[in-house]
Every structure is written in C-alpha cells, then in structure tokens.
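Welcome! Let's take a friendly walk through a protein chain, from its overall build down to a few single residues. Have a look at the structure before reading on.

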Amino acid sequence: MKIHQQQIQLSQRRRGFHLITAEVLEALPQIREFKAGICQVFIQHTSASLTINENADPTVRKDFEMYFSKAVPENDPDYLHDDEGPDDMPAHLKAALLGSSVTIPIRNGRFALGIWQGIYLCEHRNYGGERSLMITAWGE
C-alpha cells in the first residue's frame, strides 16, 4: 500500500460554496498511481467546511448559501460567541453541520465521483482568509 499526503492553501474566497475538485487533484497528482484507493480531504478550520454535491449548475451553490443563511442566521441575540463579528458563531454552526472532511474513492487513477459530483469548499465567513487543506490518499 502507498500513502501520499499534501497540505495546500486555498486562496481567500467570498462567502459561499465553491468547487475545488480541480485544485485538490492538481495538488496531489500521485492519485494517478492508484488502481484502487481512498482520498480524504480535511479542512483545518472551524468556520469553513467541505461537502460533495452538484458540480454542474451554479444555482445549486447559490441555493446552498441561501438555505444556510436562513437556517443559521447572523445577529442572533442568543449567541454568546461573536468575538470576530456577526458571522462568527453562524460560521462555526454551519461548519459543524456540514463537516470538516470528505472521503472519495479512487479507481484507476481518478476520483470515482458521480457524473454530477464535485468537492465544495463551503466558506461561511465574509472574510475567512486563505484556507488550509490536508489531502491524504492511500491505496494500491
């Protein structure tokens, strides 16, 4: 079994849902070596998250942002944690709901995603800054 690991920095993005599949693949070209394997992508932050979903229609990403903004609103007077502004605690809650990692099977040197699937960076802050990912792939 082989294991490859790479940490990457994603450039700052505005709040929303952003496809990053190509950036992940570019960062770890060793994925092409695996006939069968697994790739885990982990975000090293508590106010952004990762998910896999629709990769073709950009309105899906806009609807995700609309839904999460309604479900976890800013400026809730019950939040105690607002050290970094009104998007601070909502960002943590959204990240907790979506999660900090995704796992993708590798088959014949490629991600075995469905035809309409892609990896999203879910940026929950207005000014989240660069985001660090740890990408680990293992297999044969």
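In this predicted model, the protein chain holds three helices and eight strands. Reading from the N terminus, the elements follow the order β-β-α-β-β-α-α-β-β-β-β. The radius of gyration is 16 Å, close to the 14 Å given by the globule rule for 140 residues, so the chain is as compact as a globular protein of that length. Along the principal axes, the C-alpha atoms fill a box of roughly 50 × 30 × 20 Å.

How much of the chain is buried? Buried residues account for 42% of the 140 residues. Among contacts between residues at least 6 apart in sequence, 83% join residues at least 24 apart. The chain exposes about 7800 Å², and carbon and sulfur atoms supply 51% of that area.

Now for the cysteines. How many disulfides are there? The count is zero. A disulfide needs two cysteine sulfur atoms within 2.5 Å, and the sulfur of Cys39 lies 16 Å from the closest cysteine sulfur, in Cys122, so the two are too far apart for a bond. The table shows how accessible these two residues are.

| Residue | Relative accessible area | State |
|---|---|---|
| Cys39 | 0% | buried |
| Cys122 | 0% | buried |

Which residues make a nonpolar surface patch of about 360 Å²? They are Met1, Ile3 and Trp138. Met1 sits in the segment before strand E1 (2-10), and Met1 is exposed, with a relative accessible area of 69%.

Key:
Residues numbered from 1 in each chain as written. Predicted model: local features only at pLDDT ≥ 70, side-chain atom pairs only at ≥ 80, totals over all residues. Heavy atoms only, no water. Buried < 20%, exposed > 50% of the residue type's maximum accessible area, 1.4 Å probe, protein only. Patch = residues over 30% accessible without salt bridge, like charges linked within 9 Å, V, L, I, M, F, W, Y side chains within 5 Å. Areas by Shrake-Rupley, 256 points an atom, 1.4 Å probe, with all protein chains shown as cover. Salt bridge = Lys/Arg side-chain N within 4 Å of Asp/Glu carboxyl O. Helix = DSSP H or I, 4+ residues; strand = E, 2+ residues; numbered from the N terminus. Rg over C-alpha atoms; globule rule 2.2 N^0.38 Å. Contact = heavy atoms within 4.5 Å.
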